[in-house]
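Please look over the chain below before reading on. The paragraphs that follow go from the overall fold to a few selected places.

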Amino acid sequence: MEQNKRTRILNYIIFPLILLFVPLSRCNIGVDVTDTGYSLGSFIYQGGQMGEDWVRFATYLATVIGSFFARLPFGDTMLGMNIYTGLFVSATALISYFFLQKKISGWIVFVGEFLAICLCWCPTVILYNYVTYFFFTVMVILLYQGIFTGKRGYYLFAGIVLGLNVMTRIPNITHAALIVSVWYAGWLQKDKLNKILQDTLWCLGGFLIGFGGVLLTIIVTYGADSYLQMLQSLFGGSGGVEGHSLGDMLFSIVDAYFVGAKWFFFVLLVVLGGIVLFAIRKEQFIWIKRVLYFAVIAVLVRFFYGRGMFNFRYYAYESMFQWVVLFLIIAMVSTVIQMSRKEVPQEQKVLASMLLLLILVTPLGSDNYLYPNINNLFLVAPVVLYWLVGYICEGQKQMFFVKAKVILSTFPIRAMLGALLLIVFIQSIGFGFTFVFRDGMLGEKRDTQITQNQVLKGMITNAENAEALEGITEYCETQKLTGKQVILYGDIPALSCFLKMPTAISTSWTDLDSYTVATMQKDMQKIEQNMQISEADRPVIIVSVGFDAWLTEDAEAMNWFHVSAEEYKEDAKAAIIKEFITKYQYQETYLNNKFVVLE
């Protein structure tokens, strides 16, 4: 009785509280002047720029949610926004935890969710990613419930969630692939085609409600032309941008698995060697064989380390990436095995099919290799961990061999899986409590708290970053530049938000390929027209020191900052800014180790 009480306290109080607060535990660490600050700025200025910048429509629902957070207490600060958006990670982990806890051991689910949280490398302020994972997780759960309760309301709500998810990020339409699991379940249950079709139509109806409701809101608020222009820009421009075409995306995913398969091949060689070893004089020298086999595994790990497969620099992706790819490969193999074994219950087969689709679909629509998969293991990690631990301990006949029919020893497989899981766990924990996106990724110590910038107050970063940000903040406040419009170049879009200087053009991230040359030309023409009417409309220009080195043709500085003169010569937008600076006689008024102000 006492044991049951302790178990309930762990499962329903302690584990959930840990999963709630761990995503928030490092919310004050790291400052990034690219993606993170760009996202915060889009939330703060969403109301004023939504109608001009089509990118906001491509991630509309995430931007609306972020804009709501920005209007809460401290929501216009990086620390406050990190807390609010971090709750999406907590919510996704907790929903997965309580769903899976009813099916598998609570402590295994907890460990899996903890692992998934540690591998969330992407800043939570880049909210469209985490809203996507939240909705994706909810959709899996709703479809599962619909399949095994027979209540079609679950299908309707799953469709609504899919519609909302597409309005969170357009490529999320690929998540509709989960309908295959509904068809698969119908086949397993020998349902009639008419029933399967009706279930599908309920999902479709829900999608039309979710998607159509948000679309109608956009049309009423901004006009139908705005959304159509966004779609035209998105699909018309993606094919021509290097690294963003469908072919490039698919190639990067296949390439990642191909590289992972190379390491997996070495794992298989060791396992096969171990099976042969244990087949020789089966019942003799068991402990000697086991010690020898573990020694070979240790040599394999050292071989991986020596070949650069991983390292212990937990502030960088390389410390964990290939290990997690191996885990994903094993996860996919596991799902196929679960689906192919007759003795596995239908519920587990369907869940396996959903996890397989989740793994395959998650990276689609992104140019981030397999990093989206690493960020979205909330359902995959606990379930696969359960299958593997069950097989390793031989407590459950889950995979590979049925105990009564084993001819060859399964120890080599079980030992290797155990070693791999241990290493994945160690590397993931080290990474999760060390890594910060684009801050200290070269090993710089994050030991300086920012105190002189209102948006970044309380955030801890490396000393060089803090000095540059506080320096330019002090200058802008002293010169009363706060509130003035700004043009930014050199991958520093966050400065618009950090310095409270709204962008003079339709984006703060001028460097992005999605911000076309044609759009920039129109924006600059508008600025020039406004300047002819009033000198007060003359924008401030802030650029990176690297871009400034190119502007001033300083060869020594370009070499120091690793700037390619040829790259900028081919950059039409850089040429537009240079021409504007020359034409209107902008002068350098402030310089520090990262930023240059031109007025």
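What percentage of the 599 residues in the protein do buried residues make up? The share is 55%, with buried meaning under 20% relative accessible area. The model is a predicted one, and the values here are computed from it.

The secondary structure consists of 26 helices and 6 strands. The radius of gyration is 27 Å, close to the 25 Å that the globule rule gives for 599 residues, so the protein is as compact as a globular protein of that length. Taken along the principal axes, the box filled by the C-alpha atoms is roughly 90 × 60 × 50 Å. Of the contacts between residues at least 6 apart in sequence, 70% link residues at least 24 apart.

The surface can be described in two ways. The protein exposes about 27500 Å², and 62% of this comes from carbon and sulfur atoms.

Among the helices, H2 (residues 35-44) is an example of a mostly covered element, with 8 of its 10 residues buried. The buried residues of H2 are Thr36, Gly37, Tyr38, Ser39, Leu40, Gly41, Ser42 and Phe43. In general, an α-helix has 3.6 residues a turn, so residues three or four places apart point the same way.

The strands near the end of the numbering come next. Strand S5 (residues 588-591) pairs with strand S6 (residues 595-598) in the antiparallel sense, over 3 bridges.

Strand S4 (residues 540-544) includes Ser544. Why does Ser544 count as buried? Its relative accessible area is 11%, and the cut-off for buried is under 20%. Leaving aside residues up to four places away in sequence, Ser544 touches Tyr489, Gly490, Ile492 and Lys594. Ser544 and Leu488 are 56 residues apart in sequence, yet their C-alpha atoms are 8.4 Å apart in space.

Phe285 is not a glycine, but has a positive phi of about 55°. Phe285 lies in the loop between helix H13 (246-279) and helix H14 (286-306). With a relative accessibility of 48%, Phe285 counts as partly exposed.

His562, also a residue other than glycine, has a positive phi near 55°. The loop that holds His562 lies between helix H24 (555-560) and helix H25 (565-569). How does His562 count, buried or exposed? His562 counts as exposed because its relative accessibility is 75%, where the cut-off for exposed is over 50%.

Note on methods: Residues numbered from 1 in each chain as written. Predicted model: local features only at pLDDT ≥ 70, side-chain atom pairs only at ≥ 80, totals over all residues. Heavy atoms only, no water. Helix = DSSP H or I, 4+ residues; strand = E, 2+ residues; numbered from the N terminus. Rg over C-alpha atoms; globule rule 2.2 N^0.38 Å. Buried < 20%, exposed > 50% of the residue type's maximum accessible area, 1.4 Å probe, protein only. Contact = heavy atoms within 4.5 Å. Areas by Shrake-Rupley, 256 points an atom, 1.4 Å probe, with all protein chains shown as cover. Pairing = 2+ DSSP bridges.
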